[in-house]
Amino acid sequence: RGVKLVETCAGLDQTPLVRWAPSSFFENPDVADRVLLYYTGVTRLARNILSGIVRGIFLNSRDRLATLDAIRRAAHFVYDALQRDDIEGVAEGVRRSWKLNQRLDSGTNVPDVQAILDTCGEDLAAAKLLGAGGGGYLFMIASSAESAGRIRAKLKKSPPNERSRFVDMTISEDGLHITRS
């Protein structure tokens, strides 16, 4: 049992590497009580974001390529922390990845998303937008189970928009399921 992770940042001449991460990490009550998935209600089109990134890659922009390599290393860091069942290590990797995503695309952290992060305040250990669109889903690791409760309460009491909401996050044991938000 595990989660399939595909390393997509391999060099063009390399076959992508598939690794299995233990699903037990997310089943651990100490982790499950701190991990939150929040639909922000804020979306951007992936093609608008990716066009600038891809242009920088094709032009061999040293900064873009170095940032992509650092994102790859951050993914390895998170994978290793998952193997150790180390939530603090995963949180550190998520923080690194979020900073790198913002370096890769300066428009990643739009004001509406930053307002959500600001609402969470010190209760938030790490957070990162998921997916290529940058803004739909926010993965958060709270500082503690109590912090997660406070984050939930704050965002439920004062949601940033009518579409935003918490989403249950579980590991599928029987493959891909497609749902509509």
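This report describes the fold, the surface and a few single residues of one predicted protein model.

## Overall make-up

The protein has 181 residues, and 39% of them count as buried. Its secondary structure consists of seven helices and six strands. In sequence order these elements give the pattern β-β-α-α-β-α-α-α-α-β-β-α-β.

Among contacts in the protein with a separation of 6 or more, 63% are between residues 24 or more positions apart. The accessible surface is about 10,900 Å². Carbon and sulfur atoms make up 53% of that surface.

Asp 30 belongs to helix H2, which covers residues 29-32. Its relative accessibility is 57%, so Asp 30 counts as exposed, the cut-off for that class being over 50%.

Asp 85 sits in the loop between helix H4 (62-83) and H5. With a relative accessibility of 37%, Asp 85 is classed as partly exposed, because its value falls between the limits of 20% for buried and 50% for exposed. The backbone at Asp 85 has a positive phi of about 60 degrees, although the residue is not a glycine.

Helix H5 spans residues 87-104 and includes Ser 97. The relative accessible area of Ser 97 is 11%, so this residue is buried, as the class takes in values under 20%.

Which residues does Ser 97 touch, leaving aside its neighbours within four places in sequence? Ser 97 is in contact with Ala 74 and Lys 128.

Ser 172 is located in the segment after strand S6, which is made up of residues 165-166. Is Ser 172 buried or partly exposed? At 37% relative accessibility, Ser 172 counts as partly exposed.

Ser 172 can also be placed relative to Ser 23, a residue 149 positions away along the chain. The C-alpha atoms of Ser 172 and Ser 23 are 9.3 Å apart in the model.

Note on methods
Residues are numbered from 1 along each chain as its sequence is written. This is a predicted model: local features need pLDDT of at least 70, side-chain atom pairs count only at pLDDT 80 or more; totals for chains, interfaces and linings use all residues. Side-chain values use heavy atoms; hydrogens and water are left out. Helices (H or I, at least four residues) and strands (E, at least two) are DSSP runs, numbered from the N terminus. Buried means under 20% relative accessible area, exposed over 50%, partly exposed in between (1.4 Å probe, protein chains only). Contact means heavy atoms within 4.5 Å. Accessible areas come from the Shrake-Rupley method with a 1.4 Å probe; for residues, only the protein chains shown count as cover.
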